[in-house]
Amino acid sequence: MKNYSTLGSRAFSIFNYVFLSLVAFGCLLPLINVLAISFSSKSAAAAGYVKLWPVDFTLDSYAFALKKQEFLAAFLVSLKRVGLGYIVNMVLTIFIAYPLAKEKSEFSARNIYAWFFIVTMLFSGGLIPTYMVVRYTGLMDSIWALIIPNAVPVFNVILLMNFFRGLPKEIEEAAFIDGCDYWRTLFKIVLPLSLPSIATLSLFVLVGHWNGWFDGLIYMNSTSKWPLQSYLRSIIINADTMMSASDEIATMRNVSNRTFNAAQVFLAAVPVLAVYPFLQKYFMKGLVMGSVKG
């Protein structure tokens, strides 16, 4: 007698694999096309011959992009923003989520502070009041204007707080019996057990800062202080921004705005593509299973 439940689960699994593979391939198509254009010659890209494979393979666009001072300056600004922003966001997220994860008997004002942060998710001052706060606090045209206004990602705080609450309380109780205080318990016990959640939030923070572009446009008066995504937006909207008096004429003959912009867009995606595999291994469940034995 056939086991129809097994056959049905197999058919469902096969359908899922095929469907998700098609979705993943569809998501990769634009990136593959941009990569192919960046490696193609000026004439092939202009004629529309490039689809998913480079035509007349060349590295001229990348060589030109890596010599472009504006691109390198914006790249360094984004690196600085990601480094500082990650430290500020994660430190504040951890230090806020840990006490909010405690019971009311341990932290009597927990509900007051929790609602204080939740209200900020529901109501905001808006763009103009935020701009005025940044301006009159002296943050305009500085790297801190890209970090301080979003220093506390409340959504991340709630995620981490709920993860902390899900950890077995016996672990902390055992640490307190062994003489640990709250600080040592946080750094020696809680954070190592929270690596999956920390890795997920780290990816959110890194991608959020790296892809941020709007705040760079409104808070930076000088284009030399724009983050990378703000710079890329400007060159895509303004098609004539590639050429300048200091650029080499020989290189400009082999590079078009389309291939040059494609090379810059792909270079901007490389850091996120490089970081993701290192964080992916922490995306697992059940890290604390077996840590408490009854």
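**Rings and their surroundings**

F117 is buried, with a relative accessibility of 17%; buried means under 20% relative accessible area, exposed over 50%, and partly exposed in between (1.4 Å probe, protein chains only). The model is predicted, so local features need pLDDT of at least 70 and side-chain atom pairs count only at pLDDT 80 or more, while totals for chains, interfaces and linings use all residues. Residues are numbered from 1 along each chain as its sequence is written, and side-chain values use heavy atoms, leaving out hydrogens and water.

The structure contains 16 aromatic pairs. Rings of Phe, Tyr and Trp (its six-membered ring) pair if their centres lie within 6.5 Å; planes under 30 degrees apart count as stacked, over 60 as edge-to-face and the rest as tilted. One of the pairs joins F107 and Y113, which are stacked with 5.8 Å between centres and 20° between planes. F107 is partly exposed at 24% relative accessibility, and Y113 is partly exposed at 43%. F116 and F117 are edge-to-face because their planes stand at 80°, with ring centres 5.5 Å apart. F116 is exposed, at 54% relative accessibility. Elsewhere, F71, F75, W210 and Y231 make up one aromatic cluster.

Now step back to the fold. The protein chain has 14 helices and 0 strands, where helices (H or I, at least four residues) and strands (E, at least two) are DSSP runs, numbered from the N terminus. Of its 294 residues, 35% count as buried. Among contacts (heavy atoms within 4.5 Å) with a separation of 6 or more in the protein chain, 72% come from residues 24 or more positions apart.
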